[in-house]
Number of protein chains: 2
Amino acid sequence: MAEQIRIGIVGYGNLGRGVELAIKQSPDLRLDAIFTRRNPDSIPSETKAYSIEDAEKFIGDIDVMILCGGSATDLPEQGPAFARLFHTVDSFDTHARIPEYFEQVDAAAKASGKISVISTGWDPGLFSLSRLLAEAILPEGKEYTFWGKGVSQGHSDAIRRVNGVKNGVQYTIPVEEAVNRVRSGENPELTTREKHLRECYIVAEEGANQEAIADEIRNMPNYFADYDTVVHFVDEATLKAEHSAMPHGGTVLRSGKTGANSTQIIEFGLTLDSNPEFTASVLVAYARAAYKLAQEGGAGAKTVFDIPFGLLSPKSAAQLRKELL
Amino acid sequence: MAEQIRIGIVGYGNLGRGVELAIKQSPDLRLDAIFTRRNPDSIPSETKAYSIEDAEKFIGDIDVMILCGGSATDLPEQGPAFARLFHTVDSFDTHARIPEYFEQVDAAAKASGKISVISTGWDPGLFSLSRLLAEAILPEGKEYTFWGKGVSQGHSDAIRRVNGVKNGVQYTIPVEEAVNRVRSGENPELTTREKHLRECYIVAEEGANQEAIADEIRNMPNYFADYDTVVHFVDEATLKAEHSAMPHGGTVLRSGKTGANSTQIIEFGLTLDSNPEFTASVLVAYARAAYKLAQEGGAGAKTVFDIPFGLLSPKSAAQLRKELL
């Protein structure tokens, strides 16, 4: 078999562990090192872990660094810093800051002659690809994105900050009736409330006023006030047993018109038992693409929009034409 | 506005007419000429039609020729011939012959320095892209394609060849129960019969034996024998009124596993009122991409696997990152 692509993981949380698992399903890739800000000896992996400060010593020994940190504080710093040293892939997902982040990573990667794939995963990522494809094919149309059913980390964090809440998990749930109206070609105008429900499972602190907690959650601006929100109180054991998984998914629909009045609907959907494991699997496929782009002589920041699907596969172009076209 | 991409249509059947309609939705493209083997004066279009023999005179005046002929006899000849003169896009869909066709068109296009996008549309085309993407992200998994509900031209042609049949239309229908088993993550083994039903609407000739016709259809090898087939007899007026449209669509599903045992499902689906208009809309988006690839200095045959989605859109890369990522 051909030489393996040598991968490093930067940051070993849920996403980093998912990347480790995805690499095991990809014989053309090899995980060589994990880099962490924690004590490297505390990392529970078969792969050797190092301090993130030592990453620079691996130039020439690692091909692609998969950056598994968060978008709020980790990636704005690590993205450009690692692009100066390695090919990189990340899942930067602060939509409004993507143009600015792209420029910073692009400048760093062009200076070093590296490829950096930014903002992959499923949204941004696969959902963005679906939106672009559907809009390009059906320019006269309307696009809808429904998220869930799945756990929203941002909303779960928000409910855990409420006074009297010990622990909690929030599910975003698409309103089935709204999805079906779009699928029927009706092209409805949908309010925020009509598109998604929010459901919360809360462990209250002893003696806390449950009605006050539920009230505060339901009226929280931005997070809940514009939605119908259902609040359940459960005990800690139930929360752990029934709400520890991280399912997610969603659907991107475009309903367009061609010719005189033909309704044409394009739909892309994900149903995920594990959001971080799936996101990790997307990152790993784009790590392969980053390496292949670099072999072709490319440099700079790239997004999913710039990368042909053929580069995501370990198969050759001729094999793909024969087997999958 | 920037200069428009100048398009020619070769072959003015259902697909060619669909391309004409799709170009009207794309202000960055302009239809300049239609080429036909029929009498050009018989073409019912506002755009001027010419004999296909005169196409060569348009070198320098047309950027991309969209080849709208059939895969059986038209494209094997026209694909390489036009690739010697223009950038081209086609929907060659004889799966088994794609590798050979690719080589022929590639040689012609490389010699002329042109770009030729072959085998676009939705299957091959968008469905192929979905299969590749899903396999690259979920290497441990199983892929299912369901077609329909829609009119199959090949099967409709087959029933019209049966003795005593005056006219007829055949619908391919996915078995909902099978689709739902796949969506549930069960990864079933499905026989041909379990995946699709076939439904025929037949106008019989006067005095024909309907039971004999239905029997012959239901037992036709390859086309019907492996399926449950329902045959309805209707009069010519009903067939015309209720079965003249050309709806189609389908679903590509991949159900895979990540980590210890997380089920992850990727689904791509189309629901089309008009199969030829939708296929045409895909061809037009790839005509834009062919032109952009050529501007970047590319040459040779390309498939959907080789073309980044960003090139399908009239928007700039920066605008796409800002609006759609």
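Let's start at helix α11 of chain B, residues 317-324, where the buried residues are L320(B), R321(B) and L324(B). Buried here means under 20% relative accessible area, with a 1.4 Å probe and protein chains only. These three residues sit on the same side of α11(B), because they cover an arc of only 110° around the axis; the arc is taken from the directions from the helix axis to the C-beta atoms. An α-helix has 3.6 residues a turn, so residues three or four places apart point the same way. What do the buried residues of α11(B) pack against? Their partners are α3 (98-112) and α4 (126-137) of chain A, where contact means heavy atoms within 4.5 Å.

A word on the model: it is predicted, local features need pLDDT of at least 70, side-chain atom pairs count only at pLDDT 80 or more, and totals for chains, interfaces and linings use all residues. Residues are numbered from 1 along each chain as its sequence is written, chains are lettered from A and ligands numbered from 1 in the order in which they are written, and side-chain values use heavy atoms, leaving out hydrogens and water.

Now look at the sheet of chain B. Seven strands line up as β3-β2-β1-β4-β5-β6-β14, forming an open sheet with parallel pairing. At its edges are β3 (49-51) and β14 (300-302) of chain B, each pairing on one side only; two strands pair if DSSP finds at least two bridges between them. Inside the order, two bridges join β5 (87-90) to β6 (115-117) of chain B, and V89(B) has V117(B) as its bridge partner. Helix α3 of chain B, residues 98-112, lies across β5, β6 and β14 of chain B.

Terms used:
Buried means under 20% relative accessible area, exposed over 50%, partly exposed in between (1.4 Å probe, protein chains only). Helices (H or I, at least four residues) and strands (E, at least two) are DSSP runs, numbered from the N terminus. Axes are lines fitted to C-alpha atoms, for helices over the stretch in contact, and angles run from 0 to 180 degrees between N-to-C directions.
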